[in-house]
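Hi,

Here is the structure I said I would send over.

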Amino acid sequence: MPVHLMWILMMTLVSAQASGATMNKCVHANGRIEFTDSTCPSGATEIPDKSKEPVRHIQLHRNGIDSISSVTLLAGSKEQSGATDGTGATARFNNPGGIASDGKHLYIVDTGNQTIRKLELTTGKVSTLAGRTSKRGHKDGIGEEARFNIPQGIAIDRGNLYVTDVASYCIRKIAISTGEVTTFAGNPGTSGTTDGVGREATFNYPLGITAVGGNLYVTEKSNSTIRKIEIATGRVSTIAGRTVLVELDASAVSHLLIKSSGQKVLSHVSGNVDGIGQDARFGSPAGITNDGKNLYVSDNYNQNIRKINIATGEVTTLAGPNEANCAAGYKRKCPLGLVDGQASEARFSYPEYLASDGINLYISEHSNNTIRKVSLATGEVQTLISQQAGSTRSKEIAHQLQTLWGLAISNDSGLIIADRLGNSIYRLH
């Protein structure tokens with residue numbers, strides 16, 4: 001069948017599913033909430049939905065995921081935190097953060113437990129891959145012999161996981177097959193901005209991480225820079241943003257331990273400036289992902305999404321307030337809020353984790369407790385679920401989730417989300 005006819009047929013089916021139908025809300029025993037235009041399945045509690053919105057099933061097409069119709073609990077319980085391995089709702093987490101997937105498993109940074117967990121997607125079985133519950137520190141080793149110090153971001157590449165170990169100022173490597181943990185880059189316990197190979201390099205609160213083209217890219221929240229690590233060699237370089245040596249004036253730093261004038265210290269140069277490489281400025285970058293050619297960064301304090309061309313190092317603002325918007329803001333701060341729209345017209349409130357399907361970015365905002373979608377082609381922003389705005393269905397789903405955090409793309413064209421304070425992992429359909 002010609003491509004254009006397949007496209008017309010697919011869109012006709014989507015339109016037919018979305019038109020004219022009304023729905024009931026079905027609450028399943030495992031916590032899943034489903035909206036359907038038919039009778040709820042056996043065992044589910046049926047609650048008539050007053051909004052009577054048409055059912056719109058998720059379709060992955062030219063617009064990517066354009067609606068969320070239900071939420072399924074994969075593992076954990078919002079009633080209780082913990083560190084229990086188990087299946088589905090019997091497992092326990094403690095402030096889960098970053099998520100990576102190999103298509104068959106999820107690898108979850110269980111930040112509060114200082115561990116890395118593994119979740120089998122077909123069975124819901126949860127096990128602990130590395131680290132020991134509540135044993136915080138920095139130690140290489142196999143499985144529970146290893147120690148982490150506030151792990152946060154996670155990426156997967158060729159059978160290995162790479163984790164940002166925030167308070168150790170390091171990037172850790174985990175062999176999935178054995179659970180062996182090693183320090184891949186950074187000097188444990190030493191913060192800084194030094195480029196170099198392996199432990200010669202230093203970081204200052206590395207947070208987000210993504211893998212593409214044989215390299216890792218890391219956001220540094222405190223340095224407001226983006227770092228690159230060559231996986232083959234462990235060589236670290238700074239590709240965007242800048243840290244400089246500055247003279248300290250005693251009268252300006254009386255609140256610091258360093259009192260005397262004339263000392264030089266490293267200080268990051270923050271801001272909201274587009275440019276190439278070190279000419280660009282960030283304001284505490286957090287999440288990072290890629291589409292193979294570009295990096296996308298949630299610039300947390302600038303309330304926007306930045307795009308970095310990997311080949312050229314050029315940094316631009318994809319969505320949210322640009323440099324001019326911020327310059328005109330109160331005390332030159334970037335405006336924030338919950339506003340959908342085209343590129344610089346849109347507003348965010350402390351965007352955090354990112355995921356991409358190659359068509360759009362999906363962004364968790366813990367301040368708004370929302371999931372937003374940004375078109376990679378146009379920068380247009382849409383709210384998918386929110387407690388504050390959008391459809392009744394979107395609000396119902398958002399109310400089941402306490403704090404939206406880590407994100408990943410699911411094989412069934414849905415989203416995986418870590419509910420940090422709800423201590424659970426969900427699939428959004």
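Of the 429 residues of the protein, 53% count as buried. Keep in mind that this is a predicted model. The protein has 33 strands and three helices. As for how the chain packs, take the contacts between residues at least 6 apart in sequence: 47% of them join residues at least 24 apart.

**Pocket and cavity**

The largest pocket comes out at about 480 Å³. It is lined by 23 residues, and the closest to its centre are Ile99, Ala100, Ile154, Thr289 and Leu407. Several strands give two or more residues each to that lining: S6 (96-101), S11 (151-157), S16 (206-212), S23 (285-290), S27 (351-356) and S31 (404-409). By class, the lining of this pocket has 14 nonpolar residues, nine polar ones and no charged ones.

Searching the whole structure for cavities of 30 Å³ or more gives one, and the largest cavity holds about 30 Å³. Around it sit Ser101, Gly103, Leu106, Leu121, Ile409, Ser410, Asn411 and Ile416. That lining splits into four nonpolar and four polar residues, again with no charged ones.

Next, follow the chain from S11 into S12 (residues 160-165). These two strands are antiparallel, paired over five bridges, and Pro151 has Asp165 in S12 as its bridge partner. The hairpin they form has two residues between the strands, and Arg158 in the turn has a positive phi of about 50°.

S12 then pairs with S13 (residues 170-175), also in the antiparallel sense, over six bridges. Thr164 stands opposite Ile171 in S13. This second hairpin has four residues between its strands, with Tyr169 in the turn at a positive phi of about 60°.

How much of S12 is buried? Six of its six residues are, so the strand is largely enclosed by the rest of the structure. In a regular strand the side chains alternate between the two faces of the sheet. In S12, Asn160, Tyr162 and Thr164 point one way while Leu161, Val163 and Asp165 point the other way, and all are buried. Note that Asp165 is in that buried set, as well as being the partner of Pro151.

S31 runs antiparallel to S32 and is joined to it by four bridges.

On to S33 (residues 424-428), which pairs with S32 over five bridges in the antiparallel sense. Asp419 stands opposite Ser424 there. Four residues lie between the strands of this hairpin, and Asn423 takes a positive phi near 55°.

The loop between S22 and S23 holds Ser284. Is Ser284 buried or exposed? Its relative accessible area is 10%, and buried means under 20%, so Ser284 counts as buried. What does Ser284 touch, leaving out residues up to four places away in sequence? The contacts are Lys221, Ser224, Ser298, Asp299, Asn300 and Tyr301. With Lys221 there is also a polar contact: the Ser284 side chain reaches the backbone oxygen of Lys221 at 3.4 Å.

Those are the parts I would open in the viewer. Happy to go through any of them with you.

Cheers

Terms used. Residues are numbered from 1 along each chain as its sequence is written. This is a predicted model: local features need pLDDT of at least 70, side-chain atom pairs count only at pLDDT 80 or more; totals for chains, interfaces and linings use all residues. Side-chain values use heavy atoms; hydrogens and water are left out. On a 1 Å grid over the protein atoms alone, a cavity is a set of points where a 1.4 Å probe fits but cannot get out, and a pocket is an open set with protein on both sides within 12 Å along at least five of seven lines; lining residues have an atom within 4 Å of a point. Grid points are joined across faces, edges and corners, and a volume is the space filled by probe spheres set on the points. Ala, Val, Leu, Ile, Met, Phe, Trp, Tyr, Cys and Pro count as nonpolar, Asp, Glu, Lys and Arg as charged, and the others, Gly among them, as polar. Buried means under 20% relative accessible area, exposed over 50%, partly exposed in between (1.4 Å probe, protein chains only). A polar contact is a pair of N or O atoms within 3.5 Å; within protein, one must be able to donate a hydrogen and the other to accept it, and residues adjacent in sequence count only if both atoms are side-chain atoms. Contact means heavy atoms within 4.5 Å. Two strands pair if DSSP finds at least two bridges between them.
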